[in-house]
Amino acid sequence: MERQEIVNNREKEIVRFELRLEIEFSKSYHQFLLKQGSAVIDGYPVYGIPTKEVSMSVVEATEVMKRARPDLKDVPFIAISFKKEKALCLDMREGSPKDC
């Protein structure tokens with residue numbers, strides 16, 4: 001698959017993810033998704049578009065977090081990593097839509 005085709009497919013996934021989560025990703029996270037899809041950094045998975053290395057999507061991770069923390073149902077966030085009983089989330093209320 002050519003690089004441009006990969007980028008086009010990822011762009012479609014990003015739009016689908018944003019619609020499903022009813023949130024607009026920050027510019028930096030959007031760029032991460034386009035370039036990497038997802039990643040493992042220092043042993044921690046960073047969720048995004050599923051890959052061989054990271055099979056969970058940011059949509060799945062965020063939905064898991066929302067089920068575990070119903071008190072956050074109205075907070076615009078995305079879950080980008082889990083490690084044991086902890087979660088790393090991006091709070092989309094902070095910063096600007098261009099970056100977080």
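Let me start with His30, which sits in helix α2, the helix running over residues 27-35. Keep in mind that this is a predicted model. His30 has a relative accessible area of 16%, and because that is under 20%, His30 counts as buried. Leaving out residues up to four places away in sequence, its contacts are Glu11, Ile14, Glu18 and Phe25.

His30 is one of several buried residues in α2; the others are Tyr29, Phe32, Leu33 and Leu34. What covers these buried residues? The cover includes the helices α1 (3-21) and α3 (58-68). It also includes the strands β1 (39-41), β2 (44-46), β3 (77-83) and β4 (86-91). After α2 comes Gly37, with a positive phi near 85°.

Now the pairing of α1 with α2. Two packed helices are described by the angle between their axes and the distance between the axes. Here the axes of α1 and α2 come within 8 Å and cross at roughly 135°. That makes α1 oblique to α2. The crossing of α1 past α2 is right-handed. Which residues meet across this pair? From α1 they are Arg3, Val7, Arg10, Glu11, Ile14 and Glu18. From α2 they are His30, Leu33, Leu34 and Lys35.

Glu18 is placed in helix α1. Is Glu18 buried or exposed? Its relative accessibility is 17%, so Glu18 counts as buried. Beyond four places in sequence, Glu18 touches Ile23, Glu24, Phe25 and His30. Its side chain also reaches the backbone nitrogen of Phe25, at 2.8 Å. For a distance across the chain, take Glu18 and Ala79, which are 61 residues apart in sequence. Their C-alpha atoms are separated by 13 Å.

In soluble globular proteins, nonpolar side chains tend to be buried together. In this model the largest nonpolar core has 28 residues. Which members touch the most other members? They are Phe25, Tyr29, Leu33, Val58 and Ile78. As for where the core comes from, α1, α2, α3 and β3 each supply at least two residues. The element that gives the most is β3, with five residues.

Last, two loop residues. Most residues other than glycine have a negative phi. Glu22 is not a glycine, yet its phi is positive, about 55°. Glu22 lies in the loop between α1 and α2, and at 73% relative accessibility it counts as exposed. Lys84 also has a positive phi, near 55°, and is a residue other than glycine. Where is Lys84 found? It is in the loop between β3 and β4. Its relative accessibility is 81%, so Lys84 counts as exposed.

Phe25, which the side chain of Glu18 reaches at its backbone nitrogen, is among the core residues that touch the most other members.

Definitions and conventions:
Residues numbered from 1 in each chain as written. Predicted model: local features only at pLDDT ≥ 70, side-chain atom pairs only at ≥ 80, totals over all residues. Heavy atoms only, no water. Helix = DSSP H or I, 4+ residues; strand = E, 2+ residues; numbered from the N terminus. Buried < 20%, exposed > 50% of the residue type's maximum accessible area, 1.4 Å probe, protein only. Contact = heavy atoms within 4.5 Å. Core = buried A, V, L, I, M, F, W, Y, C linked by side-chain atoms within 4.5 Å. Polar contact = N/O pair within 3.5 Å; in protein donor to acceptor, adjacent residues only side chain to side chain. Axes fitted to C-alpha atoms, helices over the stretch in contact; angles between N-to-C directions. Parallel < 35°, antiparallel > 145°, perpendicular 65-115°, else oblique. Left-handed = near helix turned anticlockwise from the far one by under 90°.
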